[in-house]
Amino acid sequence: MAKKTAVIDLGSNSVRMVVFERTSRYGFFICNEYKKKVRLGENAYNNDKILQEHAMQKAEEALKFFKEKALKEKCRKIIAVGTSALRDAPNSKDFIKRISHNVGLNIKCINGKTESFLGGLAALNLLSDIKNATTIDIGGGSTELCLIKDGKIIDCISLDLGTVRLKEIFYDRKKFNALELFIQKSLEQVPKKFQNEHIIAIGGSLRAISNSIMKKNSYPLKMIHNFCYSLDKEKNHIEKILNAKNLMDFNIKKDRFDTIKEGCMIFLALTKYLKAKNIITSAVGVREGAFLSSLFGKYIKIKNETLDYSKFNAKFPPNFNPSLKSLQDRFDINYNSKCVHFTDKLFDVFLPEHKMDYKYKQILLNAAKLSHIGEKLNFYFANEHGANMVLNGLHFGFSHTQIALIAILLKTNGKKITPYIMEHYKDLLPNNHILSWLNFILALAKKLARDSDENLEFILKNNTLYIFSHKKQVYFSIDEIKKIVKPKLIILAFNQKI
């Protein structure tokens with residue numbers, strides 16, 4: 001197993017390298033990322049798509065730098081893929097040979113449908129609970145759409161709509177009427193079946209838009225992956241970016257100034273055509289898709305229009321999350337099985353009282369699996385450490401509401417949930433009834449797991465929870481357990497033997 005894998009994405013605008021470290025068969029995390037704004041497609045679209053020498057030289061220098069970094073990171077595997085600018089160029093084969101000879105990297109030039117599929121594969125596996133959606137991946141040279149239905153990739157398409165392409169052919173020449181006509185002609189290539197109210201936004205331009213919206217709304221989490229917004233509510237803001245004279249007012253990074261407006265124009269046109277309502281931001285794309293393709297042993301190279309995508313659809317095992325598993329592996333907290341077991345049983349025993357949806361049970365079980373993680377950093381203030389590790393470590397497969405809830409549960413650890421604790425995340429959290437019950441159940445399970453290795457039994461009768469053990473003598477930290485803030489009318493009673 002290659003413990004570290006580097007994936008290089010050679011795009012029309014930027015060259016990026018992400019270093020993935022595997023902690024187990026499917027557990028992994030991103031341990032480093034590099035970016036160089038090379039503009040491989042610069043001036044190519046004005047010169048019959050031929051890659052220009054200055055751009056190729058810059059790309060070669062960047063790739064040499066990336067390879068040096070990958071070797072220093074002790075990556076055993078380097079995957080390099082080239083997208084729009086490379087596949088469009090008549091001299092792409094010469095460039096690939098040049099990189100192979102001078103740098104020692106073998107670049108795989110993937111076609112548009114493969115690029116679309118890899119972005120969809122990453123979104124499907126690393127976003128939270130994706131069932132039906134259409135991805136939009138806006139790059140420098142092209143835009144890819146991937147149709148996801150019933151949790152599977154159904155179809156893919158690639159359009160010659162890219163920010164750098166439109167900038168050089170239309171924007172720089174001020175051919176705005178021709179630009180609108182070009183976009184409309186491109187949209188006619190998209191089958192109606194791609195229309196979807198749920199859109200997954202991929203690519204640097206769309207992440208920049210989402211980041212601007214987050215800053216405008218003072219969003220509580222700094223995590224852009226899985227950030228969702230209503231298009232109706234934010235369309236006006238996107239249009240303001242499109243027409244802005246000073247992009248600094250919109251929290252757009254300077255390296256996006258020259259292409260963000262093209263990105264906005266493509267995005268607004270596509271979302272209108274697709275009848276979009278809800279936007280889900282993805283921080284993953286082709287690079288993560290290429291890594292997952294290798295991880296699942298499902299390398300794909302789409303060559304025709306009638307490919308059966310079901311042969312290449314691959315997902316993690318049921319109820320498996322790579323980020324949670326990675327945290328468990330790295331911090332050696334797989335021993336929490338007793339806490340998880342008690343949490344599971346207590347949720348069911350108290351069901352007549354709390355009447356919570358079972359979706360909260362899975363969140364609670366995940367919190368139980370991480371309940372001791374803060375102690376791995378420092379026993380003192382372990383609850384604070386645990387909450388911060390959750391907020392920064394549960395990157396893949398969890399929604400923002402789930403991450404915020406798990407963090408709050410680890411932070412409170414059975415203590416009273418005050419408005420001060422909730423204030424920053426209140427818009428992401430459930431009501432007080434649900435919070436108090438989840439807090440109580442997890443804290444009780446954690447305390448009981450510390451005191452006993454026995455398979456305790458629980459019976460709820462007349463608002464009293466009776467806790468039984470098989471041993472004649474079992475020590476319970478009753479004083480500590482009494483400190484746990486309980487929902488109203490709940491009483492705890494211990495019995496030494498069943």
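**Cavities and rings**

Trainee: How do the residues of the lining of the largest cavity divide into nonpolar, polar and charged?

Mentor: Four are nonpolar, 15 are polar and seven are charged. Ala, Val, Leu, Ile, Met, Phe, Trp, Tyr, Cys and Pro count as nonpolar, Asp, Glu, Lys and Arg as charged, and the others, Gly among them, as polar. This is a predicted model, where local features need pLDDT of at least 70 and side-chain atom pairs pLDDT 80 or more, while totals for chains, interfaces and linings use all residues. Residues are numbered from 1 along each chain as its sequence is written, and side-chain values use heavy atoms, without hydrogens and water.

Trainee: How many cavities does the search of the whole structure find?

Mentor: A cavity is a set of points on a 1 Å grid over the protein atoms alone where a 1.4 Å probe fits but cannot get out; lining residues have an atom within 4 Å of a point. Volume is the space filled by probe spheres set on the points, which are joined across faces, edges and corners. Here the search gives four cavities of 30 Å³ or more. The largest has a volume of about 370 Å³. It has 26 lining residues, and D9, I138, G139, G204 and R287 are the closest to its centre.

Trainee: Which elements give two or more residues to that lining?

Mentor: Helices (H or I, at least four residues) and strands (E, at least two) are DSSP runs, numbered from the N terminus. Here the contributors are β6 (133-138), α7 (204-216) and α10 (286-295). The largest share, three residues, is from α7.

Trainee: What lines the second largest cavity?

Mentor: Its volume is about 50 Å³. Among its lining residues are H372, E375, N383 and K446. Helix α15 (residues 382-393) gives the largest share, three residues. The lining divides into four nonpolar, five polar and two charged residues.

Trainee: How many aromatic pairs are there?

Mentor: Phe, Tyr and Trp (six-membered ring) pair if their centres lie within 6.5 Å; planes under 30 degrees apart are stacked, over 60 edge-to-face, the rest tilted. The whole structure has 22 such pairs. F316 and F320 are tilted, 5.6 Å centre to centre with 35° between the planes. F379 and Y380 are edge-to-face, at 5.7 Å and 80°. F20, F28, F291 and F396 form one aromatic cluster.

Trainee: Is F316 buried or exposed?

Mentor: Buried means under 20% relative accessible area, exposed over 50%, partly exposed in between (1.4 Å probe, protein chains only). F316 is buried because its relative accessibility is 11%. F320, at 24%, is partly exposed. F379 is exposed at 58%, and Y380 is exposed at 59%.

Trainee: Which ring does the charged end of R330 sit over?

Mentor: The test is NZ of Lys or CZ of Arg within 6 Å of the ring centre and within 35 degrees of the ring normal. R330 sits over F29, 3.8 Å from the ring centre. K36 lies over the face of F65, at 4.6 Å from the ring centre.

Notes:
On a 1 Å grid over the protein atoms alone, a cavity is a set of points where a 1.4 Å probe fits but cannot get out, and a pocket is an open set with protein on both sides within 12 Å along at least five of seven lines; lining residues have an atom within 4 Å of a point.
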